[in-house]
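Hi everyone, thanks for coming. Have a look at the sequence and the model on the screen, and then I'll walk you through a few places in it.

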Amino acid sequence: MKYIDEYRDPEKIKSILKEIETEVTRPWVIMEICGGQTHSIIKNGIDQLLPKNIELVHGPGCPVCVTPLELIDQALQIAARPDVIFTSFGDMLRVPGSNKDLFKVKSEGGDVRIVYSPLESLKIARENPDKEVVFFAVGFETTAPGNAMAVYQAAREHLKNFTELVSHVLVPPAIKALLSSPKNRVQGYLAAGHVCAVMGWSEYEPIAEQYKVPVVPTGFEPMDILSGILSVIRQLEKGEYKVDNQYARAVSKNGNEAAQKIINEVYEICDRKWRGIGVIPASGMCLKEKYADYDAGKKFGVSNIETHEPEVCISGIILQGLKKPIDCPAFGKACTPQHPLGATMVSSEGACAAYYRYQRFKTNI
Amino acid sequence: MCLAIPGKVIEIFEENNLKMGKIDYNGVINKACLAYVPEVVTGQYVIVHAGFAISMLDEEEAQRSFEAWDDFADRIREEGYEVTSAPLSDKKRKESDK
Amino acid sequence: MKNGTMENDDFALSCPTPILNYDTIQLAHGAGGRLSAELIEKVFLPCFENEILLKLEDQAQLEKPNGRIAFTTDSFVVSPIFFPGGNIGDLAVNGTVNDICMSGAIPLYLSVGFIIEEGFEVSELCRIVDSMGKAAKTAGVRIVTGDTKVVNRGSCDKIFINTSGIGVIPNDINLGAGYIKPGDKVILSGTIADHGMSVMTARDGLSFESRINSDTAGLNYLVRDMFKVSKKIHAMRDPTRGGVAAILNEFARSSNTGIRLFEETIPVSDEVKGACELLGLDPLYVANEGKLIAITASEDAGKIVEKMQCNDLGKKACIIGEVTDENAGKVTLRNIYGIERILDMPIGEQLPRIC
């Protein structure tokens, strides 16, 4: 495919690996923020191609993984209502709540439908005026433009039967939280390319400056990831720290201003709990008061949610890059993709699921 | 997070007051919302996530990185490393298959 | 691979257009009375025509074939029931033909059971039955017995079809995962994931404007061709649900060997690649309905592939991997960078994802 295959070419990969080898003189720890990058790294074996003194740790950038359990349970309650058509990206259907997942709700009679675009949800709402159509609006900044547009468009069309259950999260506050932790060992960051495509790379400049870390907006193909790593290594070796855009074909300094405008029209910044990590101040987005009519949480007044996280699960520590999936005693034993204990084992881009799928034979599980 | 892939805009139309387009991905065509790339015209590439074009693909920038990467390959050749399109390891396999 | 839309699919009924008293299926069509008889006479018999069925007894009376019998059954509930390149009808015939011939058997007879939701369009039933007749004819099998039940609206989704089939295994052919051994080669008969992506892109909710053709086809003549050039085929299966990854994991487990695939050798059509990238799916886990995987002795693999390539259904046949004594019970995939990773058993149906 044009603009994909070029970035997978073994010849290019080989030469950039050589370049990286030439530049590295010391061990470095680099975090890729985005779960999509984790998936690509593990699937393509990029971690195994790199010189041994470069350690990649996997970041919290998986919306499926960090959506708080309370919200999953809330979604399950709403989806079970007979008057509701509950729509969601395919990613969320197998995420375990406290005692079931959306598939289970579907099997019990809930009308749960997978959509590819939030606009498909609106279409379902138009076609089913006697039903309440709820869209599970999860994601980072990348997904926010679409999810915001659905609400904006519903308001324009005066659709009364469409609401969103919103659990949006933001990347920069999470990076700051990780960098502020005394346990932090990450020395450079690959920033999530598609988040930057929406928000622009300029919002990482204050972070690079304040914490003196290189931050490199990076794409998702093997060549993108390696050129991101090369940039971080070069900066680290020289003692530099700046934002160096390595995904220039998709990311600009100011990002997509048309998208930001609609996001800011519909959503506002709020505190948000991250599953496995806890509350990070000003790290999420929720619907503005003006759009309160489109808030499924308010409309369906969900009650009595008591959550239960399995104690053995260390997904929170993994999401912070402090441990690897194979360090978890439950990995591949009590916790597998069939019976996930934590969300990092569910999402295809969760670090545990990626390790389980692609690297398990090394651990003899 | 955020699976998004490049596709070519082959048709632009309006639906429910939104700019929409048909996007070609390697021969398979899917609909996407183009409201966030108001300047896009047919023939250009956009990056699509969950049914929304979130960015135009800057072909000049893409070309620039290709050139930079070609330099790496040149440098390796000059230094006497062999660069081929064969797998990085186990080159013998293909021969043994024959 | 051609892209067709459903509207311009070449569709012409080869059987006479039936004139029924109803244009939709009624409960009475399954009740055994006059309407049932009319359905059999005007819809089923003309399309499935053969002397065994024509006797209309409660059972088909068959001659005992000379050899071991292969017997299989499968139920078809695909949605949508019409998709580019096929429909639930030819799928039901081809699926059972393929399950039979994966043992090396020559398929002979099929049974067909329909469960139809009341209100189903008779014209759609005719299209489905017509495709079944054509698929059976192509594969050289006879549909010799059948049954129709009509259920209340909402009790099934439009139409479900069960087919069972019987074939005869030639005396010198013995296939099974137990014969797989290290050193064997893995042969794939063509591009993967066409059927699964055809059905997925035909579904509502995913915004697709163009279609991918299903690969549904009966593979019995391809199998016959393969046995013409070699008897050293050790095991064979068609990678339907769960795709190539599921079948190979079954083989690896039951033979307690390792299977190593080479990613760059596995053929995937451009459109399927595009649709898989878009929806975040791995074609190795997506269903096929007209492909086979054969594990064969290394020394015969080349000539088997060459012979397969002469058949339309095996044009893109190739060797995609090998059986090893390392990683017993597991399937691994070596990518173009030389890195080997595990190719696990699928967990459930693959879902389109955005992250």
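I'll talk about chain contacts, then domains, then a helix pair, and finally some backbone details.

First, some housekeeping: this is a predicted model, where local features need pLDDT of at least 70 and side-chain atom pairs count only at pLDDT 80 or more, while totals for chains, interfaces and linings use all residues. Residues are numbered from 1 along each chain as its sequence is written, and chains are lettered from A and ligands numbered from 1 in the order in which they are written.

Let's start with chain B and its contact with chain A. That contact takes 38 residues from chain B and 46 residues from chain A; two residues are in contact if their C-beta atoms, placed from the backbone, lie within 7 Å. On the chain B side, strands E1 (5-15), E2, E4 (45-49) and E5 (52-56) and helix H1 (59-78) of chain B each give two or more residues. These names are DSSP runs numbered from the N terminus, with helices (H or I) of at least four residues and strands (E) of at least two. Which element gives the most to this side of chain B? H1(B) does, with eight residues. By class, the side of chain B that touches chain A divides into 28 nonpolar, eight polar and two charged residues. Here Ala, Val, Leu, Ile, Met, Phe, Trp, Tyr, Cys and Pro count as nonpolar, Asp, Glu, Lys and Arg as charged, and the others, Gly among them, as polar.

Chain B also touches chain C, with 21 residues of chain B in contact with 23 residues of chain C. On chain B, strand E2 (18-25), strand E3 (28-33) and helix H2 (92-97) each supply at least two residues to that side, and E3(B) has the largest share, four residues. The classes on this side of chain B are ten nonpolar, six polar and five charged.

Now over to chain A. Its domain assignment gives domain 1 (1-315) and domain 2 (316-359), with bounds that come from an automatic or database domain assignment. The C-alpha centres of these two domains of chain A lie 18 Å apart, and their contact takes 31 residues from domain 1 and 29 residues from domain 2. H2(A) gives the most to the domain 1 side, with six residues.

Next, a helix pair in chain C. Helix H1 (residues 34-48) and helix H4 (residues 122-139) of chain C pack at an angle of about 20 degrees, with their axes 8 Å apart. Axes are lines fitted to C-alpha atoms, for helices over the stretch in contact, and angles run from 0 to 180 degrees between N-to-C directions. H1(C) and H4(C) are therefore roughly parallel, a word used for angles under 35 degrees. Their contact residues include C:Phe44 and C:Phe48 of H1(C), and C:Val129 and C:Met132 of H4(C).

Last, the backbone. Most residues other than glycine have a negative phi, and most peptide bonds are trans. The bond from C:Ser79 to C:Pro80 is cis, with omega near 0 degrees, and C:Pro80 lies in the loop between strand E1 (68-76) and strand E2 (82-83) of chain C. A:Lys212 has a positive phi, near 55 degrees, and sits in the loop between helix H11 (205-211) and strand E8 (215-218) of chain A. Is A:Lys212 buried or exposed? A:Lys212 counts as exposed because there are 12 C-beta neighbours inside 10 Å; buried takes 20 or more other C-beta atoms within 10 Å, exposed 12 or fewer, and partly exposed is in between, with C-beta atoms placed from the backbone.

Key
Angles under 35 degrees count as roughly parallel, over 145 as roughly antiparallel, 65 to 115 as roughly perpendicular and the rest as oblique.
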